[in-house]
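Here is a short report on one protein chain.

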Amino acid sequence: MNSIRTILTSSLLLLTATTVSAWSGQIKVSTPHMAMYLHAHEGEDLRLDYMGATSASSLELEESGDALQAAAIPAFGTADMTWLPALQVEHANGDLNLELVVDKVSTSSDANSKTTIITMKDKLQPFTLRIFYKAFQNADVIETWTEISHHEKGAVRLRRYDSGHIVIPQGDVWLTHLHGTWSAEMMPVNERLAPGITEIKNTDGTRNAHLDAPEIMLSLDGEPNEHTGRAIGAALCWGGNYDIRVSTMENKMHHLYAGIDPQSSQYVLDPGKTFTTPPLALTYSEEGMGGVSRNFHRWARHDGMVHDGTGVRPILLNSWEGIYFDITEERILKMMDDIKSMGGELFVMDDGWFGRKYERNTDNAALGDWVVDTKKLPHGLKALTDGARERGIKFGIWLEPEMTNTKSELFEQHPDWALQVKGRELKKGRGGTQLVLDLTNPKVQDFVYRTIDNLLTANPDIAYIKWDANAPIQNYGSTYEPADRQDNIYVDYHLGLQKVLQRIRKKYPKLIMQDCASGGGRANYGILPYFDEMWVSDNNDPLQRVFIQWGTSYFFPANVMAQHIATSPYYNTGRVTPIKFRCDVAMSGRLGMELQPSKMTEEERRQATTAINDYKALRQTVQQGNRYRLVDPYTHPVAVLMDVDDSRSHAVLFAYRVRYLYNDVVPRVRLQGLDPAASYTLHERDVKDGEKSCSLDGKTFSGRFLMDVGLDIPLQKDYASRVFELTR
Ligand code: GLA
């Protein structure tokens, strides 16, 4: 109750100037621990009165007179022009105003969710907005989005079309977002909300998570805390350009707006057509940032935001950093032998296997020419899929289906299939030749679908595809979209991509697909409904990975995070790290390897074999458990995290030394998520080759002791690491 009072009290200033109107139109949208109250009275505007803990009753809100009374979707032209609009249109006749009032409210439900739909109509124009709130009953997430349609005399231009808007009473509220770049993705940034507008956006065109990611958290009780305090999470489920704004205005509110970036995409919508904005997933927790993360993880796994969210992923070897473009049949078969001998289950042949007229020996040619390079692979893919089957492992393959190179047969035959501006020189990306295909064009969509379909039809044993995207949109123009629809390109590109992915998923529901975009450029919930996992980063240096994976886990569950054991010294940091540290860091997500096994030392092979075999006993809990980030490497010399299964009978704890200075203080680690009344026995896993387990191995403690008193985890040197299994 205290927390609710805090919200309500701080909103008082706004409300003294207004009165709360009748409560008869009050709608409660709720999950087990989160609720939103909406005022939806026919003929009136739609208002958000409350968002927070579900325990707030509408009666108490009414009696306290503390409803927020915020426009649910502030539209330009309605009464309060001091608010930033979440919706702004240019009507067919040039009118720029909207006065939307509630027309009707309906609900629908399925096994896991209940959806409230509020239909609003403009007072003057034949323009309709439908606002959706989908409340998941098995995860504390409410998705909100809109549908925009009209029957005006001509096209309507959508100048801004956010998916959602919420308000929070002003206070000591902090914004957490993830910032980064190639090889350093997902670095958390925390900032106190101050008057003004904070904007997080991406304008890459194809990928949207390299620089700033489309997910944020708001901590409502002061500086962000991992374990306690009220926190709101918001994830825009869109793979393209986005715009998230937090504005703090003189109305004593913080406003959060999130949607497709309208900057270069003032979408042109014809009469009779409907535009659906991508979902904005909202969550609320009183267990701080950790609670927000666990809510998102559960929703992602169970509510279809990841293609096969409850699937447990195989352990793989990817060829990229091992052999780059130097693919030969002999090398690939040998790598399969190697991963099999270490206990792996899947081999993925990365870039370099294709090209006929133009060879793919570097990154400047052949994208789009998806035929086997028979100089490298004289017996085709069949020899490889047969080879995998004979070894008892699965086979996967890399493609970059949305792209081409100017040096390719595809571009020679279909120069108009690349995004381009007639009369302007082409700007080329990777390799000095890479271009993005025009996925607004149904013919190009069909080509991309057929690329995958033909490959899988001819090679039914392909079990896994790594789908890469290594270029931004640099040529803003489409030969397919008409001159007066060029504003639609960024959006239609992603709608086209979704259509292709939907077709692929319909025919190949069991295919495992990884999304990749020069590393972690596609960490977003717009693309994940079609993919099983994502490539977290091209940086496999284990030290930097601890930090990248830490931030990525703010929003994404462990089974989605592809984490590979690489070489030491590592090519892009020069850092030398022990093989055990590399293994332990990779084991906290979907474990894999990315190196040439024939160059491994005997010690490295033995340790990797131990890690792979131990991981098999742990992965169900790692990939599907509830994640607790216990000690933060950004503020401590160690990182500690743990995963606990739903029944609280099995847990896995990972501890990494990220800095070693003599006399550094390493905190005692208090565990979380366990049953206080149960006893847990600790077993050290992935024990260093030739060493004995640490003194905690085999000891039994109560859940209460582990959570209240905690453990001193021995990590006494640079890159020391430990993995413990806890069994009830
Ligand atoms: C991108 C990916 C890498 C690898 C290369 C291949 O950079 O992120 O993992 O697949 O492309 O060219």
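How much of the accessible surface of the chain belongs to carbon and sulfur atoms? The share is 50%, out of an accessible surface of about 26000 Å². The model is predicted.

**Overall form**

The chain has 14 helices and 36 strands. Its radius of gyration is 26 Å, close to the 27 Å that the globule rule gives for 728 residues, so the chain is as compact as a globular protein of that length. The C-alpha trace spans about 75 × 70 × 45 Å along its principal axes. Of the 728 residues, 64% are buried. Among contacts with a separation of 6 or more, 70% join residues 24 or more positions apart. The chain carries 78 positive and 94 negative charges, and their mean positions lie 4 Å apart.

**Aromatic pairs**

The count comes to 25 aromatic pairs. Two of them are set out here.

| Pair | Centre to centre | Angle between planes | Geometry |
|---|---|---|---|
| W353 and F354 | 5.3 Å | 75° | edge-to-face |
| Y476 and Y490 | 4.6 Å | 55° | tilted |

W353 and F354 are both buried.

The pair of Y476 and Y490 links distant parts of the chain, 14 residues apart. Y476 sits in the loop between β26 (462-467) and α10 (489-507), while Y490 belongs to helix α10. Y490 has 13%, under the 20% cut-off, so it is buried.

One aromatic cluster is formed by F296, W299, Y525, F555 and F556.

How values were computed. Residues are numbered from 1 along each chain as its sequence is written. This is a predicted model: local features need pLDDT of at least 70, side-chain atom pairs count only at pLDDT 80 or more; totals for chains, interfaces and linings use all residues. Side-chain values use heavy atoms; hydrogens and water are left out. Helices (H or I, at least four residues) and strands (E, at least two) are DSSP runs, numbered from the N terminus. The radius of gyration is taken over C-alpha atoms; the globule rule is 2.2 Å times the number of residues to the power 0.38. Buried means under 20% relative accessible area, exposed over 50%, partly exposed in between (1.4 Å probe, protein chains only). Contact means heavy atoms within 4.5 Å. Accessible areas come from the Shrake-Rupley method with a 1.4 Å probe; for residues, only the protein chains shown count as cover. Lys and Arg count as positive and Asp and Glu as negative; His and the chain ends are not counted. The place of a charge is taken as NZ of Lys, CZ of Arg, CG of Asp or CD of Glu. Rings of Phe, Tyr and Trp (its six-membered ring) pair if their centres lie within 6.5 Å; planes under 30 degrees apart count as stacked, over 60 as edge-to-face and the rest as tilted.
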